[in-house]
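The following paragraphs go through a structure, beginning with the ligand and then turning to charged pairs and the surface. Please keep the sequence and the model at hand while reading.

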Amino acid sequence: MEHKNQVFDNVLDLVGSTPLIKLNKITSQLNGDFYAKVEAFNPGHSSKDRIALYILEQAEKQGFLKPGDTIIETTSGNTGFSIAMVSIIKGYNCILAVSSKSSADKIDMLRTMGAKVYICPANVSADDPRSYYEVAKKLHEEIKGSVYINQYFNKLNIDAHYKSTGPEIWEQTAGKITHLVACSGTGGTISGTAKYLKEQNPNIQILGVDAFGSVLKKYHETKEFDEKEIYPYRIEGLGKNLIPTATDFDVIDEFIKVTDAESAHTARHIAKTEGLFVGYTSGAAMQAVLQLGADNRFSEKDVVVVIFPDHGSRYMSKIYSDKWMTEQGFFDSVNKKTVQNIEYIK
Ligand code: PMP
């Protein structure tokens, strides 16, 4: 392993250069070779470390930031954790405006990492002054020298992956990659990685993973923002109810939709087959691979890379809790039937 026996100046030196790990059992029935880019190996346990570090370093280079300044973002998820981590090392204040829907565990985690957390009501519209978007904007206006990361609309989110995730995968597969399968939330991961890979080889197929209840797939196919596509779903970090400018739809060849139930079961299956304890969207990305495989979309010579964005420990009270799975109806006979690929991958 690359990092073995090395000593590091601080935790940020460990951001990026995550391993590419061959999948041996879960894909055994499919044609081709399959590898997972396991982003849980970042020190903050997710791909968001890359964008937090990159965006703040760019702001420093451009002279926007000096120690003691404030970083603001609207997230209780991985991005919040990563920004808090980078802020500690670099000496910034970190303010996160989060929805009141966020779990107490998540809020405790962010506070443990030194962030100041504003809890904003979940059931108000985005333009309500109490919403976390408006609270973040107002804080940004009021706090001199503050930087608002705004990951869904920040092009640096794409650049971070163009400069790191893309080249890493190209090098790790020795240029042999034929397909990339990645979840799309802000779209930064898939867009930046795809842009780099397509520059090396335009034939690489870029397959985005979207949720039922999200607008991304339909927008990609029709350029129409269809509000009728929007309804609540369980997977966090995947899909969206708006069109992020951090997504470059032109570099994505196709979107595949996955269900909450199948993605949850597939995440659990990854742990049991590959010994990799990964998050809900890793299950979603793997589920997309299995659906594509069942449609005979891969051939013997293909080298497929699937991105696993974060670690399973963040989902103990969700997909790794039998109680939660039962409450969602994910063990019901109806869902058992829809979880068609579980049979297939046994
Ligand atoms: N998985 C998880 C767990 C995430 O938090 C995110 C980020 N929203 C994604 C996948 C999608 O990554 P991106 O925002 O780069 O599209």
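How far is an oxygen atom of the ligand from an N or O atom in the side chain of Thr186? The distance is 2.6 Å, in what is a predicted model. The backbone also takes part: a polar backbone atom of Gly187 is 2.8 Å from an oxygen atom of the ligand. A nitrogen atom of the ligand, in turn, has an N or O atom of the Thr281 side chain at 2.7 Å. The protein covers 94% of the accessible area of the ligand, which on its own has 390 Å².

Thr186 and Thr281 are among the closest residues to the ligand, together with Lys48, Gly185 and Thr189. The surrounding shell has 14 residues in total. By class, nine of the shell residues are polar, three are nonpolar and two are charged.

Next come the charged pairs. Over the whole structure, a search finds 22 salt bridges. One of them links Asp210 to Lys257, with 3.9 Å between the closest N and O atoms. Asp210 belongs to strand S8 (residues 205-211) and Lys257 to strand S9 (residues 254-258), so this pair ties together parts that are 47 residues apart in sequence. Both Asp210 and Lys257 are buried.

Lys217 is partly exposed, at 21% relative accessible area, while Glu221 is exposed, at 51%. Elsewhere, salt bridges with shared partners join Lys37, Glu39, Arg50 and Glu168 into one network.

Is Asp128, which has a relative accessibility of 16%, buried or exposed? Asp128 counts as buried, because the value is under 20%. Its salt-bridge partner is Arg130, and the closest N and O atoms of this pair are 2.8 Å apart. Arg130 is partly exposed, with 48% relative accessible area.

The last stop is a nonpolar patch on the surface. Val11, Ile88 and Ile89 make up this patch, and together they have about 220 Å² of accessible area. Ile89 is part of helix H2 (residues 78-90). With a relative accessibility of 36%, Ile89 counts as partly exposed, because that class lies between the 20% limit for buried and the 50% limit for exposed.

Note on methods: Residues are numbered from 1 along each chain as its sequence is written. This is a predicted model: local features need pLDDT of at least 70, side-chain atom pairs count only at pLDDT 80 or more; totals for chains, interfaces and linings use all residues. Side-chain values use heavy atoms; hydrogens and water are left out. A salt bridge is a side-chain nitrogen of Lys or Arg within 4 Å of a carboxyl oxygen of Asp or Glu. Buried means under 20% relative accessible area, exposed over 50%, partly exposed in between (1.4 Å probe, protein chains only). Helices (H or I, at least four residues) and strands (E, at least two) are DSSP runs, numbered from the N terminus. Patches are made of residues with over 30% relative accessible area and no salt bridge: like charges are joined within 9 Å, nonpolar side chains (Val, Leu, Ile, Met, Phe, Trp, Tyr) within 5 Å. Accessible areas come from the Shrake-Rupley method with a 1.4 Å probe; for residues, only the protein chains shown count as cover. A residue is near a molecule or strand if one of its heavy atoms lies within 4 Å of it. A polar contact is a pair of N or O atoms within 3.5 Å; within protein, one must be able to donate a hydrogen and the other to accept it, and residues adjacent in sequence count only if both atoms are side-chain atoms. Ala, Val, Leu, Ile, Met, Phe, Trp, Tyr, Cys and Pro count as nonpolar, Asp, Glu, Lys and Arg as charged, and the others, Gly among them, as polar.
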